[in-house]
Amino acid sequence: MSSQITVHRDDIVKQGWLIKKSKFLGEWRRRWFVLTPQYLCSFKAEGELRNPTEAIRLRECHCVKTADDCGKENALRVDAPNRVFYLIADTSEDKEQWIGKIGQLMIRRTVMVDERTEFD
C-alpha cells in the first residue's frame with residue numbers, strides 16, 4: 001500500500017525528522033516524516049514525497065501519546081490496529097507538536113443532532 005502513495009505538497013500539515021523503530025529488526029532509524037490529513041508517512045530522505053517506507057492511515061489509529069514504555073527520551077507512540085509505532089523527536093517541544101498535530105487529525109467527526117429534532 002505505502003509504495004503507491006504520493007504526497008502532494010499542499011496536503012502537508014507537518015514534516016520533519018523523527019527516529020522510528022523498525023518493524024522486523026527493532027532497530028532505530030532516522031526518517032523524514034510527512035503528516036497529511038490522511039497519513040503519517042516516513043521517507044529515507046528529506047523532500048521525498050513518493051513511495052514512503054511506511055504509511056500510517058490516521059483514521060485507523062486509536063491513540064497517539066508520549067511513549068513512557070519505550071525507555072527513550074522524547075518518544076511518542078502511534079497505536080494502529082495491528083502495530084504500535086514508536087517514534088523519537090529531537091526535543092520535547094517537537095514531540096508535543098507531533099502528538100498535537102497527529103491527535104487533531106485523528107479526531108473523528110461526530111454527528112451533530114439538532115435539539116429540535118423529535119424522535120419517535
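**Fold, helix and side-chain contacts**

Modeller: The protein chain has one helix and seven strands. This is a predicted model. Along the sequence, the elements follow the pattern β-β-β-β-β-β-β-α. Of the 120 residues of the protein chain, 41% count as buried.

Biologist: What share of the contacts with a separation of 6 or more joins residues 24 or more positions apart?

Modeller: Such residues account for 43% of those contacts in the protein chain.

Biologist: How does one read the length of helix α1?

Modeller: One sets the expected span beside the distance between the end C-alpha atoms. Helix α1 covers residues 92-106, and at 1.5 Å a residue its 15 residues should span 21 Å. Its end C-alpha atoms are 21 Å apart, which agrees.

Biologist: Where do the buried residues of α1 fall when seen down its axis?

Modeller: The general idea is that an α-helix has 3.6 residues a turn, so residues three or four places apart point the same way. In α1 the buried residues are D94, K95, W98, I99, I102, G103 and M106. Seen down the axis, they fall within an arc of 160°, so they line one face of the helix. The face turned away from that buried side carries the exposed residues E93 and Q104.

Biologist: What covers the buried residues of α1?

Modeller: The cover includes β1, β2, β3 (39-43), β5 (63-66) and β6 (75-80).

Biologist: How many aromatic pairs does a search of the whole structure find?

Modeller: The search finds one. W17 and W32 form this pair, with 5.2 Å centre to centre and 75° between the planes. Planes over 60 degrees apart count as edge-to-face, and the pair is edge-to-face. The pair links distant parts of the chain, since W17 is in strand β1 (residues 14-21) and W32 in strand β2 (residues 28-35), 15 residues apart.

Biologist: Are W17 and W32 buried or partly exposed?

Modeller: Buried means under 20% relative accessible area. W17 counts as partly exposed because its relative accessibility is 25%, whereas W32, at 8%, counts as buried.

Biologist: With which side chain does the side chain of E54 make a polar contact?

Modeller: E54, found in strand β4 (residues 54-57), makes this contact with the side chain of K20, at 3.3 Å. E54 has a relative accessible area of 18%, so it is buried.

Key
Residues are numbered from 1 along each chain as its sequence is written. This is a predicted model: local features need pLDDT of at least 70, side-chain atom pairs count only at pLDDT 80 or more; totals for chains, interfaces and linings use all residues. Side-chain values use heavy atoms; hydrogens and water are left out. Rings of Phe, Tyr and Trp (its six-membered ring) pair if their centres lie within 6.5 Å; planes under 30 degrees apart count as stacked, over 60 as edge-to-face and the rest as tilted. Helices (H or I, at least four residues) and strands (E, at least two) are DSSP runs, numbered from the N terminus. Buried means under 20% relative accessible area, exposed over 50%, partly exposed in between (1.4 Å probe, protein chains only). A polar contact is a pair of N or O atoms within 3.5 Å; within protein, one must be able to donate a hydrogen and the other to accept it, and residues adjacent in sequence count only if both atoms are side-chain atoms. The expected span of a helix is 1.5 Å times one less than its number of residues. The arc is that of the directions from the helix axis to the C-beta atoms. Contact means heavy atoms within 4.5 Å.
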